[in-house]
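Dear colleague,

Please find below the structure that I am handing over to you. My notes on what was found in it follow directly after.

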Amino acid sequence: MAGITTFFSSISTSSSSSSSSSTSSCLRSSLSFSSTAKPFILPMRGALPKMIPLRSRFPKIVAFTSNDIKVGASIEVDGAPWKVLEFLHVKPGKGAAFVRTKIRNYVTGSTVEKTFRAGISMSEADVAKETKQFTYKDGSQFVFMDLTTYEETRLNEADVGDKKKWLKEGMDCILLFWNGKVIDFELPITVKMTVVQVDPGLKGDTAQGGSKPATLDTGAVVNVPLFVNSGDEILVDTRTGNYMSRV
């Protein structure tokens, strides 16, 4: 029994010594690795994005001046919206430069000539444009419809004025709004009309000959070449009311 006990004691002592030796060896290896290892840095795929200066992220607001006036511009004068019909920049030999204009009031329709000092700040009239289709006439009112929302806008005969002679059902027009109210509308530049009454053309009449009055299907009267007959379709310029060509 004493022999067996001595045998196991030697095995235990040997195992402990081996374990201690192994542990000590691992610690030395670990310490050696830690002292010689370099810090691990993740590679970067690209450079950091360049920061954009704050002031360049927003559009620059430029004030409207009299130097920006041009034909068709909408300006606000004395609290009313006006459309520029004509303009001329004048720079005299002596004195300050100025802009001479001819403008029309959207609301009243009156036309005046007005002069502005060059470079002064002005207000643009906030005029919104929407395309509407003239659908039908209801008594003294002209009905325009938004084909997207089917919302109707009605204009009185006084609001339409002389433009009614060019209006035909199904025609797309541009309505102008200011402060939520329709102040004007624009017709297509060219419209197709049918001649309903005209003196008959004579044999040999050409486009180089004279002209004669013709009544159109809207009631408008225009001068047409002598060769145009009743039933002909013609193109008319709505800005001038002049005959353009036969279709």
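Is Phe134 buried or exposed? In this predicted model, Phe134 has a relative accessible area of 5%. Since the cut-off for a buried residue is under 20%, Phe134 counts as buried.

**The aromatic cluster**

Phe134 belongs to one aromatic cluster together with Phe142, Phe144 and Phe185. Under the rule applied for ring pairs, the structure holds 3 aromatic pairs. In one of them, the ring centres of Phe134 and Phe142 are 5.8 Å apart and the planes meet at 40°, so this pair is classed as tilted. Phe142 is likewise a buried residue, its relative accessible area being 3%. The rings of Phe134 and Phe144 also make a tilted pair, with 5.5 Å between the centres and 50° between the planes. This second pair links distant parts of the chain: Phe134 belongs to strand E6 (residues 128–138) and Phe144 to strand E7, 10 residues apart. For Phe144, the relative accessible area is 0%, and this residue is buried.

Lys137 is placed over the face of Phe142, 5.2 Å from the ring centre, and Lys163 is placed over the face of Phe185, at 4.8 Å from the ring centre.

**The nonpolar cores**

The largest nonpolar core comprises 28 residues. Phe144, Leu167, Phe185, Leu216 and Ile234 are the residues with the most contacts inside this core. At least two core residues come from each of the strands E7 (141–145), E9 (171–178), E10 (181–186), E11 (190–198), E12 (211–216), E13 (221–225) and E14 (233–237). Because domain 2 (127–186) and domain 3 (190–246) both contribute residues, the core lies between these two domains.

Phe185 deserves a separate entry. Beyond its neighbours within four places in sequence, Phe185 is in contact with Phe144, Leu155, Val160, Lys163, Leu167, Cys173, Ile174, Leu175 and Leu176. Another core, of 12 residues, lies apart from the largest one; Phe64, Ile69, Val77 and Ile103 are among its members.

**A hairpin**

Strands E3 (residues 98–105) and E4 (residues 111–117) are paired in the antiparallel sense, over 7 bridges. Within this pairing, Thr101 has Lys114 in E4 as its bridge partner. The two strands, E3 and E4, form a hairpin with 5 residues between them, and Gly109 in the turn has a positive phi of about 85°.

With kind regards

Technical notes:
Residues numbered from 1 in each chain as written. Predicted model: local features only at pLDDT ≥ 70, side-chain atom pairs only at ≥ 80, totals over all residues. Heavy atoms only, no water. Core = buried A, V, L, I, M, F, W, Y, C linked by side-chain atoms within 4.5 Å. Buried < 20%, exposed > 50% of the residue type's maximum accessible area, 1.4 Å probe, protein only. Helix = DSSP H or I, 4+ residues; strand = E, 2+ residues; numbered from the N terminus. Domains from an automatic or database assignment. Contact = heavy atoms within 4.5 Å. Pairing = 2+ DSSP bridges. Phe/Tyr/Trp six-rings, centres within 6.5 Å; stacked < 30°, edge-to-face > 60°. Lys NZ or Arg CZ within 6 Å of the ring centre and 35° of its normal.
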